[in-house]
Amino acid sequence: MESLSLLLPGGIGILLGLLLGLTGAGGSLIALPLLLSLHLPLVDAVGVSLGAVSVAALSGLLGRYRDVAWWPVFAIAISGIPGTALGQYLGSLLPEQPLIIAFCLLVLWLAQRLWRSASSAMHSLRAHSHYPGLVGSGIAVGSLSGLLGVGGGFLVVPLLRWLTPLNVMGAAASSLAVIVLVSGSGFALYAAQHDTPWPLLGSLIAGGVIGALLGNLLAKVIGGIHVQRVFAVLLVGVSLSTALYKLSGG
């Protein structure tokens, strides 16, 4: 019976890993609400999600590390840490509903930009990386994460596309590296302060690794243009699901 109870987390892991391997983002946005549906306390759902997403992202990264632009990754990841603290502080001062509406409109705008520019998915949009923009983006992504309690990986891919010479495949690989660093550090903090449900996490990780490897293969098969359009559709789903969850009192 216990083995059957671990099948559902394994399925959740496959889904989050598939999204990570395919697009370089979306794992935590899928994992967190599904883990909450298993009646986990919020703190455990967040912690387990961070652990599974970080390992799934690492497994997806192993086959694509040559595509990673490490300096932009470090610029976003390091600046995102104080951004998260800033977002948590602002969240205690500002009304949530207008922020959620603004956030969802921003994500919808990003989605339509990515869909329209999909034909150039395998081409660079600029000649050199814009590091001030990357640092500012890291702060913004971290702030959104701290402010609204949503993952920031889905914003990293379009930001890398517009602020570095990376094509969509390189941006997705670099996003995985950002997720490994940020989610991994978040899980380490959780594990140091709470009793981790290791059997559940192990099942989630096993599914995530399988899903990430499948996502890597699928990304190579369908090509950069379709990967970018899949990502654009994912952004629309993120916007609508976040609005529904938050504005309904979740």
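Me: Which residues have the most contacts inside the largest nonpolar core?

Reply: In soluble globular proteins, nonpolar side chains tend to be buried together. In this predicted model, the largest nonpolar core has 54 residues, and those with the most contacts inside it are L16, L20, F154, F231 and L235. The largest share of this core, nine residues, is contributed by helix 9, which spans residues 168-193. Apart from it lies another core, made of five residues, among them V168, M169, A219 and V227.

Me: What does F231 touch, beyond residues up to four places away in sequence?

Reply: F231 touches T23, A25, L114, F154, V157 and P158. Of the residues in helix 8, F154, V157 and P158 are among those that are buried.

Me: Why is T196 classed as buried?

Reply: T196 is classed as buried because its relative accessible area is 12%, and the cut-off for that term is under 20%. T196 lies in the loop between helix 9 and helix 10, where, leaving aside neighbours within four places in sequence, T196 is in contact with F187, Y190, A191 and L201.

Me: What is the secondary structure of the protein as a whole?

Reply: The protein comes to ten helices and zero strands, and buried residues make up 48% of its 250 residues.

Technical notes:
Residues numbered from 1 in each chain as written. Predicted model: local features only at pLDDT ≥ 70, side-chain atom pairs only at ≥ 80, totals over all residues. Heavy atoms only, no water. Buried < 20%, exposed > 50% of the residue type's maximum accessible area, 1.4 Å probe, protein only. Helix = DSSP H or I, 4+ residues; strand = E, 2+ residues; numbered from the N terminus. Core = buried A, V, L, I, M, F, W, Y, C linked by side-chain atoms within 4.5 Å. Contact = heavy atoms within 4.5 Å.
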